[in-house]
Amino acid sequence: MRFRVLGPLEVSGSGGVPVPISAPKHRALLSILLLHANHLVSADRLEAALWPDRPPRSASGLLRTCVSGLRHSLRPTEPDERPRLVTRPGGYELSVAPGDLDLAVFNDLSVRGRGALDRGDPEQATRLLRAALGLWRGEPAEGVDLDTDTETVVAGLRERRLAVEEAWVHAQFALGDDRELILRLTDLVTEHPFREGLHGQLMLALYRAGRQAEALDVFQALRRRLGAELGSEPSPSVQSLHERILRGDPELTVPVRSWLAGLGQSLAPRQLPPGTADFTGRSEHLEYLRSTGAPVVVISGPAGAGKTALAVHWAHQIAGRFPDGQVFVDLQGHSAGKPMDPTEALRRFLRALGTVPEQVPADQEEATALYRSLLAGKRMIVVLDNAGSAGQLRPLLPGAAGCLVVVTSRSRLPGLLAR
């Protein structure tokens with residue numbers, strides 16, 4: 001049985017015969033299980049996903065009914081075939097062989113393609129990365145009604161796809177083949193207008209094609225957009241590329257991949273929510289935030305005071321000083337439900353930083369260690385919104401200088417300050 005989730009959800013059996021999964025709840029349940037294939041998904045998580053507004057009192061029974069119906073649709077067709085959807089203590093797991101799920105194949109091809117690029121084999125890298133991108137048929141689980149948490153997972157997949165696009169661009173540059181790049185990069189820049197690395201790659205491709213004036217126009221358009229909407233300047237690496245194009249640097253026309261590493265910020269996560277267009281006031285608070293040099297800033301106040309709006313507005317203003325990107329999470333510390341477990345926040349951050357789901361540690365200490373290792377030497381903004389306690393925050397703090405952590409909470413978090 002084959003599963004396709006990188007686009008409209010599709011299931012096929014022996015001989016490619018489609019397996020109909022028509023009930024909306026069954027399609028949502030299957031999508032979530034496929035996005036976490038071969039991993040336990042708790043019953044609580046599934047209930048919250050299938051009934052996001054307010055789970056009914058009978059949610060547990062209804063979930064079991066959904067699982068039973070889906071299990072029937074996915075029943076084995078061969079005598080020696082093992083059941084795919086199995087019940088585990090606390091939840092359910094969908095067992096899928098690596099070659100039977102397009103997402104798993106995409107992850108494998110992506111890793112191999114990046115490895116080939118790192119080994120200096122751009123021809124193999126191009127083939128592998130192109131094959132990985134060819135598996136995408138649209139938005140992940142397109143047409144399925146997904147909850148907010150699953151949409152976050154989908155957003156991470158979009159980010160991973162874009163990272164593969166960028167790696168393919170690097171491989172094409174290394175081959176010295178710029179013709180196809182200009183068309184694709186023009187589309188990507190239109191789709192991702194704040195992705196500075198993509199702009200830099202388009203500038204380089206245009207310059208190498210003898211279109212210096214157009215390359216400079218791309219930079220000016222980016223600069224105007226960043227200034228008008230975020231109040232920031234292009235990153236130092238993109239500004240450096242602009243200066244080299246102005247000088248007509250002949251080294252930029254050589255098909256050498258090494259200098260492209262300066263555009264690595266294109267892979268950086270950009271998770272800040274949109275700023276408030278009509279943000280006013282708070283000038284005293286903003287001035288204080290601009291003047292502080294502290295690596296951790298706590299914005300506290302009662303519900304509805306505008307803590308998140310202030311944090312996001314300030315983070316957008318200073319984003320240019322942190323070229324490695326921004327990550328954001330709502331810790332739900334004062335929400336009606338349970339506060340988010342730090343391990344779940346770590347999983348989201350690790351995926352945003354490029355870790356494939358299969359390599360995200362389940363143990364909190366191991367996840368924290370990997371998170372801090374990935375942040376070492378980077379300059380990033382980490383926004384921890386709606387924190388409930390210092391204990392919830394400590395595993396999410398970077399281990400070294402260079403990153404800025406912005407916390408919002410109804411509490412002053414004295415335990416964190418004491419640390």
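Strands β6 and β9 (residues 404-409) pair in the parallel sense over 5 bridges. Strands are DSSP runs of E with at least two residues, numbered from the N terminus, and two strands pair if DSSP finds at least two bridges between them. Within this pair, Ile299 stands opposite Thr408 in β9.

This is a predicted model: local features need pLDDT of at least 70, side-chain atom pairs count only at pLDDT 80 or more, and totals for chains, interfaces and linings use all residues. Residues are numbered from 1 along each chain as its sequence is written, and side-chain values use heavy atoms, without hydrogens and water.

Now widen the view. An open sheet is built from 4 strands in the order β6-β9-β8-β7, with parallel pairing. Its edges are β6 (296-300) and β7 (326-330), each pairing on one side only. From one strand to the next, the twist averages 15°.

Helix α12 (residues 307-318) lies across β6, β7, β8 (381-387) and β9. It runs at about 165° to β9. Helices are DSSP runs of H or I with at least four residues. Angles run from 0 to 180 degrees between N-to-C directions, using axes fitted to C-alpha atoms, for helices over the stretch in contact (heavy atoms within 4.5 Å).

Turn to the nonpolar cores. Each is a set of buried Ala, Val, Leu, Ile, Met, Phe, Trp, Tyr and Cys residues joined through side-chain atoms within 4.5 Å. Buried means under 20% relative accessible area, with a 1.4 Å probe and protein chains only. The largest core has 79 residues; Leu34 is among those that touch the most other members. Helix α6 (residues 148-175) gives this core its largest share, 10 residues. A second, separate core has 25 residues, including Val360 and Val405.

Definitions and conventions
Buried means under 20% relative accessible area, exposed over 50%, partly exposed in between (1.4 Å probe, protein chains only).
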